[in-house]
Every structure is written in structure tokens, then in C-alpha cells.
Amino acid sequence: MLFSELGLSAKVLSAVEATGYTTPTPIQEQAIPHALQRRDVLGIAQTGTGKTAGFVLPMLTLLEQGRARARMPRSLILEPTRELAAQVAESFTKYGLDQKLNVALLIGGMSFGDQDRKIDRGADVLIATPGRLLDHFERGKLLMTGVEILVIDEADRMLDMGFIPDIERICKMLPFTRQTLFFSATMPPEITRLTEQFLQNPVRVEVARASSAAQTVEQRLVATHKEDWEKRETLRRLIRAESDITNAIIFCNRKIDVASLFRSLSRHGFSVGALHGDMDQPSRTAMLHNFRENKIQLLVASDVAARGLDIPAVSHVFNFDVPIHSEDYVHRIGRTGRAGRSGKAFTLVSRADGKYLDAIQKMLGNDLEWLDGTTVEQLPTPDPSSEDRSDRHGRRSGGGSRRGGSGRGGERRHSGRGEGRGANRHEARPIETEEADAVPSAAPATVPSRRAAPSARSHDAHARSGRGQQRHHDEPSPLGFGDDVPAFMLIGTGL
Ligand code: AMP
């Protein structure tokens, strides 16, 4: 099927053409014609299926006629996170090229003043997180009686985040005659109840069930011991062994682990950033921007922060922790293998994770393969002499002598990322790594351009030499934040 057969307007079709997309994805093919007929749609689809365009394109077509009035938005899109809301706004910019629609983004962490002005001007499309929308409503700034189209996106995520009462409240504020487009990756009972309450005779469109969602993703389990320092070492080995990583997301279950893994990886010379729910909005936005622009290669993230993010070309996903909720596994690996691309997902599994792994495999309906066939039961007892003790505590000791000036042939090495790109403070700067004196004089050109990681060989040589306990005094400047490292990352444990 072609986009031109879906019933979209000429303006929208030319914007789609400009993006280079040639054929609609299954969710687009199935949802768009019904949405254009003003039917309610219940779309069961996860991110990566093209569902955003599945509602943005018909909305653009339907909103072409008519004008918004002050404080009376014509359509409303609810998103669980600020990032998702911002991404949907970007989609309107991308696909709404030839249209003069006013799009207002109401998200936390930004000033009310600017948002008020946008609402006052009359918004054709209001994209909001539930809390901020209600704040505006309660301040008397919004009249919801003109809403013709409501989109509820990532409803199961809204449920996880406790937003369902807010959603119910918002739905009751809207005209009964509105059209509702409702999307969720899964349909737990609370979500089914919500759809029964607020959708009218919806067309049900379902694509890529959880078990089949990840067909383009090569998935492997990686046996590891359960201590964090061992997991970190296993992860580093894994990253170094994967020669085809363009960029990767590394998931942790807890935000405290996001921070310590970020510190550890940056100490080890990787090009890394971090993303979790406690970061303020400018930091999150800067981090995502740098990741999208390939200024950082690895992004350590929590589920809440990463759910639904549109990062089109992630080559790898690493689960540092087995997710506690099996559905999160699908969402995590959905970060790679998107829109038909292939991808790889590795999950570190220790003996302690058996219960969670069982739940994931049960949900998928099949057993996942172990990397190199080594199961967690077959894992050899760890050799204490080969451990990287520095990482046992998640941060370097302050007392190590500074080796920067006395090694062999150049202890400073460049990250290899952003070389020669000018003085943008977010771009890679020379950093010192504890492996520095194990590598030949760090000519940046010898480091693969997109990888800040030292080679496995140099790392192993370093580990064998037993020098791992002597550390630099300074933390390397973490890439992606530049000088703006949030306070939470600089402190030992207290998040
Ligand atoms: P989504 O599921 O909306 O997060 O979209 C996943 C990715 O697929 C995004 O990077 C979209 O830009 C991309 N995409 C959306 N529609 C298409 C299409 N018809 N063909 C190829 N890629 C698409």
C-alpha cells in the first residue's frame, strides 16, 4: 500500500514524501483511514512501529480546515513523559511543513508564561503531560470545550506512572462528541476498563504483539555473577567485543545504578551519558540531543526516562539489570531494531535473576539464547586476581597518585568522538583514562571515530599488569554534560 491510498491531504502527502518514507507501516496502514473517518481508534502498538505518524498524519489532515480560538485548543495529545511530548511536537513540525497550525507543548520543567502565551494565541494542537495540563486548567487558562480530537498515547506507561486518575479527569472535561485515538503497547485490565469508559465503538488495530515485536532484534543472555563490579566488568567486555556498535542504550532498574554505572563507564574512557527521571529538563534535553547527534555513544538510562524515546538508529541495547516487569523487556529491546532495522540486545543475567528471566521468557513464549552457550549455571567461579577492584565501589579512590605526567609515551588520550569538530563544550575533549599508559601514544586517529572505548587488548594488558588499583585523582570530564554535570552524579551514593 502507498501513503497516497490512505486518504491523507495533498499537503500532508508532500511532507511525508519529503521525509523519504515510501510505504506506511502496518499501524499507519490500518489506523489512518479510520482516523480520517473520525472513528475512535484503539491502537495496540509499541514504539518503533511508526504509531506517532499513525495519529499525527490524520490529525494534520483533519485540522487543515478550521481555526483555533484563544484558550480553546482543537485537539489534545496526552503523553506520559516530557520527552515523548517533545518528540510528538517535533513530528508536527516534520509532517506539518506546509501548514500553519499552532502547536503548543505543555510540559513540566518549562515556564508557564511561554505556555500561556501559546494557549492564548489559540492552539490547533495541544501536546501535554497530564499533570501540567491540569495545572493550566486549574489556573483557568484553558477551555476544553473545543477539543475535537483526543489522543492518549502510551496508555500502559501512563498506568505505570500513576496517571490514570488524571486521564479520567481530563477525559471528563472534554466534549462527549470528540474523536479519541488511544494507543497502548499492552492491554492490562485497567487500560481495558479505561477504553470501555472513554472510547465509542472503536476500531481495534493491533500490530506486532509483544512476543513477535522484536523479530529484527538479535537477543542474547549474558551470564554474569551478581556483584555490581562484576556486572560492570562483564558489560565492558561485552561492549568492547561488539565491533558494530554505533550507539547503545544501557538500562538499569534503579536510578542510583544509572548514576554509578555512568561514572564507571566514563572512568573507563567510554563515550557515555546518563538519563533518568530526576534530571532537570534542560539536562535531559541536552543529553538526548547529544545522543541523537552522536556526540555520545552510550546512554545509561532508567526505564522511566527512556520509555518511548524516538532515537531511530540505536544499534544495541544492553540490559545491565534484568527488568523486574517483563513488559519492560519488550520496551527496552524495542529501542533497537526499529522500523525494520536490525539490532542487538544483550541482557546480563545472574543467578539472582532467575524469577524475572522466567517471567520474560514466559511472556515471549520462547527461551532466549545464551551468549556463547554459557548459561549462568555454567559460569566459572570468579578469579579474584583478575578483578578490577577500582570498580568494586563504583568510584575511584581519591588517594591514587596521578599518573598523567609519568607514563609511557603520552598518557592523555582522546575520546575519539567529536575530534576536530570545534569548541562546542558538549563535544569530546581530551580525557584521561586509567588504561592510558597501556595504550600506545594515544593518537586520536588510531581510535575508531565513533568509539571512545579503549581496545579490549589494551584493557586486558592493563588488567594483567595489576595496575588497576592506581587511579587518577581526577574524574574524567563526562561527555555529553560538558561542565554541567548534575549534582546527583558527583556524589557517592545519595540520590
Ligand atoms: P514511532 O513508533 O512513532 O516511535 O516511530 C518509530 C520510527 O519509525 C521513527 O523514527 C519514525 O520516524 C519512523 N517511521 C515512521 N513511519 C515510518 C515509515 N512509514 N517508514 C519508515 N519509517 C517510519
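Trainee: In the protein chain, what share of the contacts with a separation of 6 or more comes from residues 24 or more positions apart?

Mentor: The model is a predicted one. Its protein chain has 17 helices and 16 strands. Of the contacts with a separation of 6 or more, the share from residues 24 or more positions apart is 79%.

Trainee: What percentage of the residues in the protein chain is buried?

Mentor: The protein chain exposes about 20,700 Å², and carbon and sulfur atoms supply 50% of that area. A residue counts as buried under 20% relative accessible area. Among the 495 residues of the protein chain, the buried ones make up 56%.

Trainee: Which residues of strand S10 point the other way from Val-272 and Ala-274?

Mentor: In a regular strand, side chains alternate between the two faces of the sheet. S10 covers residues 272-275, and all of them are buried. Val-272 and Ala-274 point one way, and the other way point Gly-273 and Leu-275.

Trainee: Which residue in S11 stands opposite Ala-274?

Mentor: S10 pairs with strand S11, residues 298-302, in the parallel sense over 4 bridges. In S11, the residue opposite Ala-274 is Val-300.

Trainee: Which helix makes a β-α-β unit with S10 and S11?

Mentor: The two strands pair in the parallel sense. The β-α-β unit that they make with a helix is right-handed. That helix, residues 281-292, is H12.

Trainee: Why do the buried residues of H15 line one face of the helix, and within what arc do they fall?

Mentor: Helix H15, residues 354-364, has Leu-357, Ile-360, Gln-361 and Leu-364 as its buried residues. An α-helix has 3.6 residues a turn, so residues three or four places apart point the same way. Seen down the axis of H15, the buried residues line one face because they fall within an arc of 95°.

Trainee: Which exposed residues does H15 carry on the face turned away from its buried side?

Mentor: The cover over the buried residues of H15 includes strand S8 (217-223), helix H14 (326-333), strand S13 (343-349) and strand S14 (369-370). On the face turned away from the buried side, the exposed residues are Lys-355 and Lys-362.

Trainee: How many disulfides does the count come to?

Mentor: Cys-171 counts as buried at 3% relative accessibility, and Cys-252 is buried with a relative accessible area of 0%. A disulfide requires a pair of cysteine sulfur atoms within 2.5 Å. By this rule, the number of disulfides is 0.

Methods:
Residues numbered from 1 in each chain as written. Predicted model: local features only at pLDDT ≥ 70, side-chain atom pairs only at ≥ 80, totals over all residues. Heavy atoms only, no water. Buried < 20%, exposed > 50% of the residue type's maximum accessible area, 1.4 Å probe, protein only. Pairing = 2+ DSSP bridges. Right-handed = clockwise from strand over helix to strand, strands pointing away. Contact = heavy atoms within 4.5 Å. Areas by Shrake-Rupley, 256 points an atom, 1.4 Å probe, with all protein chains shown as cover. Arc of directions from axis to C-beta.
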